[in-house]
Structures are given as structure tokens and as C-alpha cells.
Amino acid sequence: MGKIQGEGDDEAARRFREAEEKFVRTGPVEDKGHEAREALDGPEGPELEKARHDTAKGAPD
């Protein structure tokens, strides 16, 4: 079993950043952008927009 890593773990943060950078360099970023636009324009749009708004203002759990 691996080491338990919590919030603020430097190793986990480094791996996350590396994965994000790799996705931006080699991943289907433009395709994902189109998928996001379609989702926002679709039936789930209002729920997604509410989630974005709540997250931006720091809504409680």
C-alpha cells in the first residue's frame, strides 16, 4: 500500500502540475474546450453555471 498523502503534500502537488502541463502540451485541449461549450449550451448548462458561480464565491460544502 502506498503512502497516504494529504492536502498540501508537495509530492502530490508536483505530480499534479506535471500531469496538467503534459495535458496542455499534448492533450486534446481544443476538443475539451468544445465539449465544455456544448455542455454549457446543453440541458445541464444551468446546473454547471450554478456550480461555477458557487465555486467562484466560495460556497460552503
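In which helix do Arg-37 and Asp-41 both lie, and how many residues apart are they?

1. Overall composition. The model is predicted, not experimental. The protein chain contains three helices and zero strands. Read from the N terminus, the order of its elements is α-α-α. Of its 61 residues, 7% count as buried. The chain has an accessible surface of about 5700 Å², and carbon and sulfur atoms account for 54% of that surface.

2. Helix 1 and its N-terminal end. The N-terminal end of helix 1 is capped by Asp-9, with a side-chain oxygen 3.0 Å from the backbone nitrogen of Glu-11. The side chain of Asp-9 also reaches the backbone nitrogen of Ala-12, at 2.7 Å. Is Asp-9 buried or exposed? Asp-9 counts as buried because its relative accessibility is 19%, and the cut-off for buried is under 20%.

3. In reply to the opening question, Arg-37 and Asp-41 both belong to helix 2 (residues 29–41) and are four residues apart, about one turn of the helix. Their side chains meet in a salt bridge, with an N to O distance of 3.7 Å. Side chains of opposite charge can pair when their charged atoms come close. Arg-37 is partly exposed, with a relative accessible area of 48%, whereas Asp-41 is exposed, at 57%.

4. Helix 3 (residues 45–56) consists of 12 residues and reaches 16 Å from its first C-alpha to its last, close to the 16 Å expected at 1.5 Å a residue. Which residue forms a salt bridge with Glu-49? The partner is Arg-52, and the closest N and O atoms of the pair are 2.5 Å apart. Glu-49 and Arg-52 are three residues apart in helix 3, so about one helical turn separates them. Glu-49 is partly exposed, with a relative accessible area of 34%; Arg-52 is also partly exposed, with a value of 47%. A further salt bridge joins Asp-54 and Lys-50, whose closest N and O atoms are 2.6 Å apart. Asp-54 and Lys-50 are four residues apart in helix 3, so they too are separated by about one helical turn.

5. Salt-bridge count. For the structure, the count comes to six salt bridges. Among them are Arg-37 with Asp-41, Glu-49 with Arg-52, and Asp-54 with Lys-50.

6. After helix 3. Gly-58 follows helix 3 and has a positive phi, near 75°.

7. Nonpolar surface patch. Which residues form a nonpolar patch on the surface? Phe-23, Val-24 and Val-29 do so, and together they have about 250 Å² of accessible area. Val-24 is found in helix 1. Val-24 counts as exposed because its relative accessible area is 58%, and the cut-off for exposed is over 50%.

How values were computed: Residues are numbered from 1 along each chain as its sequence is written. This is a predicted model: local features need pLDDT of at least 70, side-chain atom pairs count only at pLDDT 80 or more; totals for chains, interfaces and linings use all residues. Side-chain values use heavy atoms; hydrogens and water are left out. Helices (H or I, at least four residues) and strands (E, at least two) are DSSP runs, numbered from the N terminus. The expected span of a helix is 1.5 Å times one less than its number of residues. Buried means under 20% relative accessible area, exposed over 50%, partly exposed in between (1.4 Å probe, protein chains only). A polar contact is a pair of N or O atoms within 3.5 Å; within protein, one must be able to donate a hydrogen and the other to accept it, and residues adjacent in sequence count only if both atoms are side-chain atoms. Patches are made of residues with over 30% relative accessible area and no salt bridge: like charges are joined within 9 Å, nonpolar side chains (Val, Leu, Ile, Met, Phe, Trp, Tyr) within 5 Å. Accessible areas come from the Shrake-Rupley method with a 1.4 Å probe; for residues, only the protein chains shown count as cover. A salt bridge is a side-chain nitrogen of Lys or Arg within 4 Å of a carboxyl oxygen of Asp or Glu.
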